[in-house]
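Subject: Structure handover

Hello,

Here is the structure I promised to pass on. Please open it alongside this note.

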Amino acid sequence: MLGLYSIKNLRISTCVLIVLGCIAVLQLLLLYGSYNYKCISKEDIGKYLYMYLNPKVVKRLDKPACDYEMVYKQVHKDDWSIIEQSNQFDPSGIVNGSFVPEDCNPQLSIAILVTYRNRQSQLDIFIPFIHNFLRRQKIHYKIFVIEQHDAKLFNKGLLYNVGARQAARELFPCLVLHDVDLLPLSAANLYACLLQPRHLSASLDKFRFVLPYYGLVGGVLALTTEHFRQLNGFSNKFTGWGGEDDEFAARIMDHNLEILRFPPDMSRYTMLVHQQAPVNGQRFRLMSETVAAQDGLNSMHYRSVSVSQHPLFTLIRVVT
Ligand code: BGN
């Protein structure tokens, strides 16, 4: 009786506050499990690694094989220091955006594909940052920036298809599809393909380090060039923001492939702030209509403007 009486006497604003508080607590409880999304354990990573080297890399008999266990098993904290180091950038060892470690023989090669348009300030941060981050991992890698050189709506899927085609021509066995605005924070986050597609950016500050849903593959995704080919790449029909990654996740699942992830503490990323591109109002319709076998690597329409070597990356310019 007393309880009911006191509730009646509360002001509306207080009631609203209490309700909001309850919703917040409920949300926290519901999201709690997502911090511990299903992932492979640190001990098992070795079993899943896709260790393929680009055949163009010459092995030196006088050098040992590079050790990757040292990378993914290292104890680490979020490593903001590499952001500061990017200010005094030393390009040692990088030729046309590609790097081969000097003191050991790399065991794996990756092509980093960065789709891009009109975000110079982010590229200026991303490129030195990622070089500093990756050189420490002793892998062979090359960075490709695929730029949409027109004023039409951004077509990220098509740009990834173009980048993957180039990386395949250059015999890269593994692709890492990378948003230009995402910076990895854990030095232990080895950039490598696994035997199944791997979502790297599972713990992102924009989402309060919570994975929003299992099928999210946007942000940073690594998969073998062979799997990318089997999936027929991305749909070329999604323009503007949203959906192309979910449609790609559907391709992954339709092929009975799994989405693997490293543990959350190794998968932390920070996002550089930017204005969001116009949302694609057609994305729900496109999701339901797209036929993967007819829309992808086998149906690209674009004009290649140039492929040019910059000291820190290879730039592929296309008109869509
Ligand atoms: C989802 C977007 C993704 C985006 C994530 C994270 C859609 C399609 C709905 C059918 N998907 O909502 O593209 O990567 O959010 O921001 O909008």
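Let me start with one residue. At 34% relative accessibility, Glu226 counts as partly exposed, where buried means under 20% relative accessible area, exposed over 50%, and partly exposed in between, with a 1.4 Å probe and protein chains only. Glu226 sits in helix H8, residues 225-230. Helices (H or I, at least four residues) and strands (E, at least two) are DSSP runs, numbered from the N terminus. The C-alpha atoms of Glu226 and Ile259 are separated by 16 Å, and the two are 33 residues apart along the chain.

Some ground rules. This is a predicted model, in which local features need pLDDT of at least 70 and side-chain atom pairs count only at pLDDT 80 or more, while totals for chains, interfaces and linings use all residues. Residues are numbered from 1 along each chain as its sequence is written, and side-chain values use heavy atoms, with hydrogens and water left out.

**Overall build**

The protein has 10 helices and 12 strands. Its radius of gyration is 22 Å, close to the 20 Å that the globule rule gives for 320 residues, so the protein is as compact as a globular protein of that length. The radius is taken over C-alpha atoms, and the globule rule is 2.2 Å times the number of residues to the power 0.38. Along the principal axes, the C-alpha atoms fill a box of roughly 85 × 45 × 40 Å.

Of the 320 residues, 51% count as buried. Contact means heavy atoms within 4.5 Å. Among contacts with a separation of 6 or more, 83% join residues 24 or more positions apart. The protein exposes about 16200 Å², and carbon and sulfur atoms supply 59% of that area. Areas come from the Shrake-Rupley method with a 1.4 Å probe; for residues, only the protein chains shown count as cover.

**The largest pocket**

The largest pocket has a volume of about 1100 Å³. Of the 42 residues that line it, the closest to its centre are Lys156, Asp179, Trp241, Gly242 and Glu244. The search used a 1 Å grid over the protein atoms alone: a pocket is an open set of points where a 1.4 Å probe fits, with protein on both sides within 12 Å along at least five of seven lines, and lining residues have an atom within 4 Å of a point. Grid points are joined across faces, edges and corners, and the volume is the space filled by probe spheres set on them.

Strand S3 (109-116) and helices H7 (156-169), H9 (244-254) and H10 (283-289) each supply at least two lining residues. H9 gives the largest share, with four. By class, the lining has 21 nonpolar, 11 polar and 10 charged residues. Here Ala, Val, Leu, Ile, Met, Phe, Trp, Tyr, Cys and Pro count as nonpolar, Asp, Glu, Lys and Arg as charged, and the others, Gly among them, as polar.

**Helix H9**

The buried residues of H9 are Glu244, Asp245, Glu247, Phe248, Ala249, Arg251 and Ile252. They pack against H7, strand S9 (220-224), H8 and H10. Beyond residues up to four places away in sequence, Glu247 touches Ser235, Phe238, Met287 and Thr290. Just after H9, Asn256 takes a positive phi of about 60 degrees.

**Loops**

Lys138 lies between helix H6 (120-135) and strand S4 (140-148). Lys138 is not a glycine, yet has a positive phi of about 60 degrees. It is partly exposed, at 28% relative accessibility. Leu171 lies between H7 and strand S5 (174-178). Leu171 also is not a glycine, and its phi is positive, about 70 degrees.

Pro106 is in the loop between strand S2 (98-99) and S3. At 2% relative accessibility, Pro106 counts as buried. Its contacts beyond four places in sequence include Leu53, Tyr68, Lys138 and His140.

Gln74 is in the loop between helix H4 (69-72) and helix H5 (81-85). It is partly exposed, with a relative accessible area of 26%. Gln74 and Ser186 are 112 residues apart along the chain, with their C-alpha atoms separated by 9.8 Å. Leaving aside neighbours within four places, Gln74 is in contact with Lys42, Glu69, Ala187 and Ala188.

Best wishes
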